[in-house]
Amino acid sequence: MKAAVMLDINQPLRVCDMPLPVIADDEVLVETRTSGICGTDLHILAGAAYVPKLPHILGHEPAGVVVRVGRAVRNLTPGTRVVPYLFFNCHDCYYCRVGRHQQCLHLGGILGVMCHGGFAEYFKAPAGNLFRLPDNVPFDIGGLIADAVVTAVHAARRAGLYAGQSAIVLGAGGVGLSLIQVLVNAGVRVVAIDRVQAKLGLARHFGATWTYPFAVEQVDAAIHDLADSDGVAAVFDCVGSTPSLAAACRWVRNGGRVVVIGESGQPPAITSTEIAQRELEIIGSRNGARQDFVEAIRLVQCGAVRPPIAARFPLEDINAALGLVRSDPLGRVVVVVRDD
Ligand SMILES: [Zn+2]
Ligand SMILES: [Zn+2]
């Protein structure tokens, strides 16, 4: 099969022939239609995250059609449109039993991250990881449920906001623009902040009430104005850098929640004194659990969340697509593996 292969860190992907995945009795072979590109792909390519066994096939936002099922598979048949839940969890450890599947102690892999993903004509997954993609959801949007949308749904759940409360979404990229829609649907008033003016336009389109460039004094003044009695109950940091986390902690109200979604490897610049005295809650959020996945599919199916797509590239042009991802596109960049 044709695949875009990572042969080494900091090198362009090479589009070449790779062996067709061999499926076990409980696995399913999927013919890829599309696969989104995420910032994490750039981190993996740079050797800054995960470091899979090479050669590796990236792509953790794929969608496609079932073409072959293992002998023990009962719930899927060839022809079914599917999107994968990325974590091949064990179903038996403490975290799996309490529904926190992405914290599984015995992960069998993460699709596209620790095992081969969607930048190829086919990928395989355990049958239990494949969810039906509703007929009214196109593949390119549907694949984004696997990361951008489920991450937004889970982060919103972690914050536990109520209708009428205000929240800041810091970073209006693939996850941030989905998160704005999830929050607005839940009745939360959203302040969107990004360095790129055009992304703020999209944020407004998706229901953000206020938008600001990432300029500390300007946002300070704005938050002072809108913090009538209860201030900003939660700040979602989709960037995860030292300056973004510092700003998130500055803008959240006392006793509020900072939900950390973006990952950069940079340390937070906040003192224990400030965390303790202001009673801040700093909460990590990673992708989502299976219940978040089901909710993410439903939100996309009913049209409440529509992750924007900035551009589509054929698999052959994967390196140009990655180049666009590096330059702050308006929404997700999607690789079209097969167009029909
Ligand atoms: Zn991702
Ligand atoms: Zn487990």
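Me: What separates the centres of domain 1 and domain 2 in this predicted model?

Reply: The centres, taken over C-alpha atoms, are separated by 27 Å. Domain 1 covers 2-147 + 288-336, while domain 2 covers 150-284.

Me: How do you know that residues of domain 1 are in contact with residues of domain 2?

Reply: Contact here asks for C-beta atoms within 7 Å. By that test, 21 residues of domain 1 are in contact with 16 residues of domain 2. Helix 10 (residues 290-301) gives the most to the domain 1 side, with five residues. That side divides into 13 nonpolar, two polar and six charged residues.

Me: Why are I318, A321, L322 and V325 in helix 11 called buried?

Reply: The word needs 20 or more other C-beta atoms within 10 Å of a residue's own. In helix 11 (residues 318-326), these four residues are buried, so each of them reaches that cut-off.

Me: How do you know that the buried residues of helix 11 line one face?

Reply: Look down the helix axis: the buried residues fall within an arc of 100°, so they line one face of helix 11. They pack against several elements, including strand 3 (27-37) and helix 1 (39-45).

Key
Residues numbered from 1 in each chain as written. Chains lettered and ligands numbered in written order. Predicted model: local features only at pLDDT ≥ 70, side-chain atom pairs only at ≥ 80, totals over all residues. Buried ≥ 20, exposed ≤ 12 C-beta atoms within 10 Å, placed from the backbone. Helix = DSSP H or I, 4+ residues; strand = E, 2+ residues; numbered from the N terminus. Arc of directions from axis to C-beta. Contact = placed C-beta atoms within 7 Å. Domains from an automatic or database assignment. Nonpolar A, V, L, I, M, F, W, Y, C, P; charged D, E, K, R; others polar.
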